[in-house]
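Here is a short tour of one protein model.

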Amino acid sequence: MGVIGRVHSWETCGTVDGPGIRFIAFLQGCLMRCQYCHNRDTWDLEGGKEVTVPQLMEQLVSYRHFFEASGGGVTASGGEAVLQMDFVKEWFTACKAEGIHTCLDTNGLIRKYTPVVDEMLDVTDLVMLDIKQMDDSIHQNLVGVSNKRPLEFAQHLAKRGQKTWIRYVIVPGFTDDDASAEKLAEFLAPMKNVEKVEMLPYHELGKHKWEALGETYPLDGVKPPPKETMERLKAIFVAHGLNAMY
């Protein structure tokens, strides 16, 4: 029997988690505690449902013509997909055998670099890496852990020449200042593998999931950043030669 994965849910025709139309598997479990998390119900490491790679492939095969027509494929998201990297490796290997494009959506919190990390990346066509904040103290306040390992992972991807998109959530009061964007732009500018920076405006669409769990949403009342803020920060990335968009 192959590797068993824990999957929270899947989306059959996603359009925002990688290029084209995609089948997205939201894997269960996450070690970060982002105050703005819109998938709060994926944190529990023991939650979700057990799924094998053949079962997951069976779910997506009927949508393959949509992938091929749109330049899409599959995305492993979460939760945090790298907590189940053996499962992701096996799933992506099966996808590559079928000629299906693979994308890893991750926060880069790699706890230990074992051979399976690179084995997983070898069958990954695109990495979408969330970098929350360059200032470690702000990062810990915002998501509950240090940024040391995600930044190490970003550097590992650069050394591999791994095709990467950076995702940066613009959260008022945490990441919407010029200094934070400047630090991130300086960090990314030398990385030739980074194709673009996706600036994601903060939203509270996941607030109801916190409330359903009987918890208080930490950023209640925080409004999305205005267009003026997005344009100002975009200009900082562009000034460093980065392809930034929102």
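Which residue in E6 is the bridge partner of Leu104? The bridge partner is Val127. This is a predicted model, where local features need pLDDT of at least 70, side-chain atom pairs count only at pLDDT 80 or more, and totals for chains, interfaces and linings use all residues. Residues are numbered from 1 along each chain as its sequence is written, and side-chain values use heavy atoms, leaving out hydrogens and water.

Now look at the sheet. Nine strands form an open, mixed sheet in the order E3-E1-E2-E4-E5-E6-E7-E8-E9. Strands are DSSP runs of E with at least two residues, helices are runs of H or I with at least four, and both are numbered from the N terminus. Two strands pair if DSSP finds at least two bridges between them. E5 and E6 pair in the parallel sense over four bridges. The edge strands, E3 and E9, each pair on one side only.

Helices pack here too. Angles run from 0 to 180 degrees between N-to-C directions, with axes fitted to C-alpha atoms, for helices over the stretch in contact. Contact means heavy atoms within 4.5 Å.

| Helix | Touches or lies across | Angle |
|---|---|---|
| H6 | E5, E6 and E7 | about 155° with E6 |

Finally, find Thr164 in strand E7 (residues 164-170). Thr164 is buried, with a relative accessible area of 2% (buried means under 20%, exposed over 50%, partly exposed in between, with a 1.4 Å probe and protein chains only). Leaving aside neighbours within four places in sequence, its contacts include Leu126, Val127 and Leu157.
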